[in-house]
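Subject: Structure handover and findings

Hello,

Here is the structure you asked to take over. My notes follow below it.

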Amino acid sequence: MQSLTILGATGSIGLSTLDVVSRHPQRFRVFALTAHRQAQALGDLCLRFAPRYAVLADAGAAAALQQRLAQAGCATEVLAGERALVEVAAHGDVDTVMAAIVGAAGLAPALAAARAGKRILLANKESLVMAGDVFLAACRAGGAAVLPIDSEHNAIFQCLPETARGLRGSGAAVPGEGAAGGQTAYGEGSPPAAALAGVRRILLTASGGPFRQASLAEMEEASPEQACAHPNWSMGRKISVDSATMMNKGLELIEAFYLFGLPGPQLDVVVHPQSIIHSMVEYEDGSVLAQLGHPDMRTPIAHALAHPQRIASGVSPLSLAAIGRLDFEAPDLQRFPCLRLAHEALDGAGAAPCVLNAANEIAVAAFLAGELRFTDIAQVNDSVLQVLGSRAAGRDVDEVFAIDDEARALARRQLMRCAA
Ligand code: NAD
Ligand code: MG
């Protein structure tokens, strides 16, 4: 029995995780479920999965939820606040933590899981983008294992040689048998560079999003509803907008850098509109290994939950004959400048990825609130990156959040300029 905390249980990834978990009651026990302030939805999940703890980050609704659960005869204890998120991520009775909070809010509990040596199923890519080195150091110190949930990184993980599935510089540990049982540990201080010998390139696939064929003029007028109408994937609104700007692919380049240890020039993006190939690894001998599947997050979630075994996910078999063809094209950096910004941030390293992520969170929130044009998201990101991108990386979580705060403040000032 794996005991599971799901951070962000009411979200798109959280619900997909619970769907897989519900198919294997003999394998998984839900220890804690968390949400931001969706008390109703979290309450429904508690009645269904009876976790020991439910956590609302926003304390306001916790008392009402506790009362509702008690009246229904559910023994789940309701906790509130950010500290409680950290507690259920690091609790001694937890084996596995699904890190599926969206945005920078996911960093602190993911770090807590890392320090506590958990098996971390990492959907919250922001943890790596904001604080890659700090997060990896915490994994190393705590002996945590990380399994990537992002479909691209999960695909790459599956296509890499087993010996190369370690975290960059972490000295630890993507597991053979999970955090509890034998990890395949690299020697202290030795990055998996040697294990990556023979890997020429990682190729991240991108759907191109809803505006793959749109003109810049059309993109200027795009509404939040249009931007969130992803052709292949059903996801939360923030990542949907990121897919439309291709910032998501940019964040994923940075995520791949930290997860797999290949430098920027060996990380490429190819647009693949059908989203059937989830990413590829190219080897020196010319072999290209790909992982294919329906665009359904239950596949990478089930893969990571059961690794190294395989379990049913509820995803239907792939019929290549029905799909008929797989297309590919180069990304257009003119119409999707966010992808260029991510390459720049990777080249500069330091605090640049953290700065870019913070600016983007502010810009996307403003766009979703109807306060910023779609094409201005890239403008805001660019201007903040130019000013703050050369800062040194935060050496601990406090420094990371200080840089994050500064980038957000600057992004807010840029928003006002765009509105003026
Ligand atoms: P979502 O918006 O659907 O769900 C987010 C979850 O986080 C919700 O449970 C919400 O209550 C919680 N949350 C939001 N703000 C919070 C806060 N301040 N404090 C505590 N909890 C908070 O998002 P999603 O689409 O499920 O994405 C979750 C993460 O997974 C993101 O980092 C995203 O980039 C990543 N991801 C998602 C997908 C996908 O298909 N949805 C694919 C790859 C990666
Ligand atoms: Mg992805």
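Which residues does Asp404 touch, not counting residues up to four places away in sequence? They are Ala104, Met130, Cys354 and Ala358, where contact means heavy atoms within 4.5 Å. Asp404 has its place in helix α17 (residues 397-419); helices are DSSP runs of H or I with at least four residues, strands are runs of E with at least two, and both are numbered from the N terminus. Asp404 is buried, with a relative accessible area of 3%. Buried means under 20% relative accessible area, exposed over 50%, and partly exposed in between, with a 1.4 Å probe and protein chains only.

Conventions. This is a predicted model, in which local features need pLDDT of at least 70 and side-chain atom pairs count only at pLDDT 80 or more, while totals for chains, interfaces and linings use all residues. Residues are numbered from 1 along each chain as its sequence is written, chains are lettered from A and ligands numbered from 1 in the order in which they are written, and side-chain values use heavy atoms, with hydrogens and water left out.

Asp150 and Glu252 are both buried.

Sheet. There is an open sheet of 4 strands in the order β9-β8-β10-β11, with mixed pairing; two strands pair if DSSP finds at least two bridges between them. Its edge strands, β9 (267-271) and β11 (288-292), each pair on one side only. Strand β8 (residues 199-206) pairs with β9 in the parallel sense over 5 bridges, and the bridge partner of Ile202 in β9 is Leu267.

Ile277 belongs to strand β10 (residues 277-283) and is buried, with a relative accessible area of 8%. Beyond its neighbours within four places in sequence, Ile277 is in contact with residues including Thr205, His272, Ala290 and Phe328. Ile277 and Gly293 are 16 residues apart in sequence, and their C-alpha atoms are 6.7 Å apart.

Aromatic pairs. The whole structure holds 4 of them; rings of Phe, Tyr and Trp (its six-membered ring) pair if their centres lie within 6.5 Å, with planes under 30 degrees apart counted as stacked, over 60 as edge-to-face and the rest as tilted. Phe31 and Tyr53 have ring centres 5.5 Å apart and planes at 65°, so the pair is edge-to-face. Both of these residues are buried. Phe257 and Tyr258 are also edge-to-face, at 5.0 Å centre to centre and 70° between the planes. Ring pairs link Phe211, Phe367 and Phe374 into a cluster.

Core. The largest nonpolar core has 139 residues, and those touching the most other members are Leu33, Met98, Ile120, Phe135, Ile149, Phe374 and Val384. Such a core is a set of buried Ala, Val, Leu, Ile, Met, Phe, Trp, Tyr and Cys residues joined through side-chain atoms within 4.5 Å. Helix α15 (residues 352-368) gives the largest share of this core, 11 residues.

Regards
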